[in-house]
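Q: Could we go through this model together? I would like to look at a few places in turn.

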Amino acid sequence: MNLFLGGQLFFIIFGLIFCLMFCFTFFMIIKQMSIWNKNNHSPVLTVKAKIVGKREHVRFSSSSDGVGSSHTTYFVCFQVESGDRMELMVSGYEYGLLLEGDEGQLTFQGTRYKGFERSFDQNFSY
């Protein structure tokens, strides 16, 4: 009798964990689709901005045979004329070209980075 209850308990716990993982995955997919849709419906804007920060996020993973890999995501923080700041994800190539203190025209769509054209005018006052 106890073996039967233990088996049922295992399947109940396994089922709950499976349901939680399924719900979490479904929620993340819906969230990402919502962000993608919002970005697609946002206007493409070009504003004066200054680069005030840069950062990298590195994720490491390893397989059971001991082989590891990493993935780096690059972010740049821009400050616009109003004083607001926004952090946008950029490619590694763009990350290497942009320097803190650079000023110019930032083009973005929602949370999507579209480009930055450096200005050699340097008449911004942030």
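Q: Where is F22 found?
A: This is a predicted model, and in it F22 is found in helix α1, which covers residues 2–41.

Q: Is F22 buried or exposed?
A: F22 counts as exposed because its relative accessibility is 53%, and exposed means over 50%.

Q: Which residues form the nonpolar patch on the surface with F22?
A: The patch consists of F10, F11, F14, F18, F22, F26, I29, I30 and M33. Together these residues have about 1000 Å² of accessible area.

Q: What does the secondary structure of the chain come to?
A: There are two helices and five strands. Along the sequence they follow the pattern α-β-β-β-α-β-β.

Q: How do β1 and β2 pair?
A: Strand β1 (residues 44–62) and strand β2 (residues 68–80) are antiparallel, with 13 bridges. They form a hairpin with five residues between them, and G66 in that turn has a positive phi of about 90 degrees.

Q: And how many bridges join β2 to β3?
A: Six bridges join them, and β3 (residues 85–90) runs antiparallel to β2. Four residues lie between the strands of this hairpin, where G83 takes a positive phi near 100 degrees.

Q: What stands opposite C77 of β2?
A: G53 stands opposite C77. In β3, the bridge partner of C77 is E87.

Q: How many salt bridges does the count come to?
A: The count comes to three salt bridges. Another one of them joins K50 and E103, with the closest N and O atoms 3.9 Å apart. K50 lies in strand β1 and E103 in strand β4, so this pair ties together parts 53 residues apart in sequence.

Q: What about R118; which residue forms a salt bridge with R118?
A: R118 forms a salt bridge with D102, the closest N and O atoms being 2.8 Å apart. The pair links distant parts of the chain, with R118 in strand β5 and D102 in the loop between α2 (92–97) and β4. D102 counts as buried at 11% relative accessibility, whereas R118 is partly exposed at 32%.

Q: Changing topic: which residues have the most contacts inside the largest nonpolar core?
A: They are V76, F78, L98, L106, Y113 and F116, in a core of 13 residues. Strands β1, β2, β3, β4 (103–109) and β5 (112–118) each supply at least two residues of this core. β2 gives the most, with three residues.

Q: Which residues is F78 in contact with, leaving aside neighbours within four places in sequence?
A: Among them are I51, L88, L98, L106, Y113 and F116. The contacts of F78 also include K50, D84 and R85.

Q: Finally, how much of the chain counts as buried?
A: Of the 126 residues, 22% count as buried. The accessible surface of the chain comes to about 9500 Å², and 63% of that belongs to carbon and sulfur atoms.

Key:
Residues numbered from 1 in each chain as written. Predicted model: local features only at pLDDT ≥ 70, side-chain atom pairs only at ≥ 80, totals over all residues. Heavy atoms only, no water. Patch = residues over 30% accessible without salt bridge, like charges linked within 9 Å, V, L, I, M, F, W, Y side chains within 5 Å. Areas by Shrake-Rupley, 256 points an atom, 1.4 Å probe, with all protein chains shown as cover. Salt bridge = Lys/Arg side-chain N within 4 Å of Asp/Glu carboxyl O. Buried < 20%, exposed > 50% of the residue type's maximum accessible area, 1.4 Å probe, protein only. Pairing = 2+ DSSP bridges. Core = buried A, V, L, I, M, F, W, Y, C linked by side-chain atoms within 4.5 Å. Contact = heavy atoms within 4.5 Å.
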